[in-house]
Amino acid sequence: MKVGSSRYLMEKKPVFKKLLDQLLARYSYASVIASDVVSKNYNISGRGINIGEQNGFGKRAFTVRVYDNGGYAEYSSVTITEDDFESVLKTIEESLKASRAYNRMATPVSDDEKLAFCKSTDYEIDPVELGDEAIINRLAQLREKGKAMDERIMDVTCRFNFQRYHKIFLSKNRDLEQNVLFTDAAVVMMARKGAEIKTSYKSCSCLGGAEVLDQVESFLPITKNTVIDLLSAEPLTPGEYDCICSPSVTGMIVHEAFGHGVEMDMFVKDRALAKQYVGKRVASDLITMRDGACTGYDDVATFFFDDEGTVAHDTLVIDKGILVSGYADEVSAKRLGVEATGNGRRESVDHKAYTRMTNTYFVEGNDELDDMIASIKDGLLLDEPSSGMEDPKNWGIQCMVSFGREIKDGKLTGRIFSPIVLSGYVPDLLQSISMVGKTVEHAGSGFCGKGHKEWVKVSDGGPYIKARIRLG
């Protein structure tokens, strides 16, 4: 089934068009983006049941953008009537006057080619129609099944989130509408042996509805086995190791090691070393990297147009080890003289648009996992990423991985080490990649912040990779 249009936006659309006409009578460019969002999260654990609306992302709101004499101004609100037009126009003019007092960077006017469409994503089970009670009952059943798997399991947390959003974008030549539903779910297990307490998780996401819950049941035995193994985990001796990264760890490397470093609003501010490496080698020739809301890998960051009205792209970032391009919001692209890539995203439509990742991943290779393990004399299979930090200015990376499984003479020994810190200089890490697996896996169960704020939904992933990595 297709996600339907928002009745609220359809009712307000004539008002937005009238406002747009008045703006275009004064300014060479004007646009309106408006949203109607429903977003909820469900969590059940030993501490109880929690159902909440994600108000930071679930809003009815709109933003007006105008262009005047080399600069932009924006106005946002949660509601509008024709009686508000005079106030809106006055506020925008005052904002433009204030901005002219600063030595702002001149920016060319936005592109506005003629385009109109209405597109929607597909789903199988509507979480709104399914209802809170049915979702909580399903999560409770999964939790009880997980707890019964082993007497050492202290607690099991099961969670489910969804967001259904509707957006319209209007300008002189554009009339765009999109209706999107995405979901994610996870299971977290906590186990104890004596004074030792460990946790493990497994998550999934999809561009779709509550059918994602069907995947969670299959995660229970995998998560149970891992958390029990972690009760016997040993500390790791720091050093450089030959490593195989699971697709989820590969995704963390894609996101933290390179994804943030090629957000081109950082190029404008000279805050990213990658700006100096466009057209140069940054990775092994086995590595090709893509980002985009229409890459062919649908996940939580798939959409049809971004929050500046740019149609979704599929951007080739690295081609056989060579940095081809970053990705850019429209204003940054104009300032750099490059094409906008559909990566102008707002936490919600009343926030500023920044260059943000969407679905970001390494492309598949030709190697089998068994062959990758067999190629390692003394190393680790890394899995379950937990957190990461990047330094686009100097290309440093530091990430946490929950555990690594020992490989000796081409075989997994059963020993497990935890926790593990992965660090290093990004080009060194990427150029050390010597094998790439055949299957890409995506994960989109978390959020990505711009620095410490401006959270948006992203997915990342890739295949298994073999690399030389500094661990501690």
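Guide: A definition to start: buried means under 20% relative accessible area, exposed means over 50%, and partly exposed lies in between. Note too that this is a predicted model.

Visitor: Is K320 buried or exposed?
Guide: The side chain of K320 meets that of D319 in a salt bridge, 3.7 Å from N to O. D319 has a relative accessible area of 29%, so D319 is partly exposed. K320 has a relative accessibility of 53%, and the cut-off is over 50%, so K320 counts as exposed.

Visitor: Is R65 buried or exposed?
Guide: R65 and E74 join their side chains in a salt bridge, 2.9 Å from N to O. E74, at 30% relative accessible area, is partly exposed. R65 has a relative accessible area of 7%, which is under 20%, so R65 is buried.

Visitor: Which residues are linked with R65 and E74 in a network of salt bridges?
Guide: A search of the whole structure finds 36 salt bridges. The R65 to E74 pair is one of them. The network that holds R65 and E74 also links E308, E330 and R346.

Visitor: Which element gives the most to the lining of the second largest pocket?
Guide: This pocket has a volume of about 420 Å³. Its lining has 21 residues, with R65, Y72, V331, R335 and K352 nearest the centre. Strand 4, helix 7 and helix 8 each give two or more residues to this lining. With four residues, the top contributor is strand 4.

Visitor: Which element supplies the largest share of the lining of the largest pocket?
Guide: The largest pocket holds about 1400 Å³ of space. Of its 50 lining residues, Y201, S203, S248, P385 and A443 lie nearest the centre. By class, the lining divides into 19 nonpolar, 20 polar and 11 charged. The largest share, 10 residues, comes from strand 16.

Visitor: What is the bridge partner of I244 in strand 16?
Guide: Strand 9 and strand 16 run parallel, joined by four bridges. Strand 16 covers residues 378–391. There, I244 has as its bridge partner L381.

Visitor: Which residue in strand 25 stands opposite Y241?
Guide: Strand 9, residues 239–245, pairs with strand 25, residues 465–471. The pairing is antiparallel, over seven bridges. In strand 25, the residue opposite Y241 is I469.

Terms used: Residues numbered from 1 in each chain as written. Predicted model: local features only at pLDDT ≥ 70, side-chain atom pairs only at ≥ 80, totals over all residues. Heavy atoms only, no water. Pairing = 2+ DSSP bridges. 1 Å grid on protein atoms, 1.4 Å probe; cavity = no way out; pocket = protein on both sides within 12 Å on 5 of 7 lines; lining within 4 Å. Points joined across faces, edges and corners; volume = space filled by probe spheres on them. Nonpolar A, V, L, I, M, F, W, Y, C, P; charged D, E, K, R; others polar. Salt bridge = Lys/Arg side-chain N within 4 Å of Asp/Glu carboxyl O. Buried < 20%, exposed > 50% of the residue type's maximum accessible area, 1.4 Å probe, protein only.
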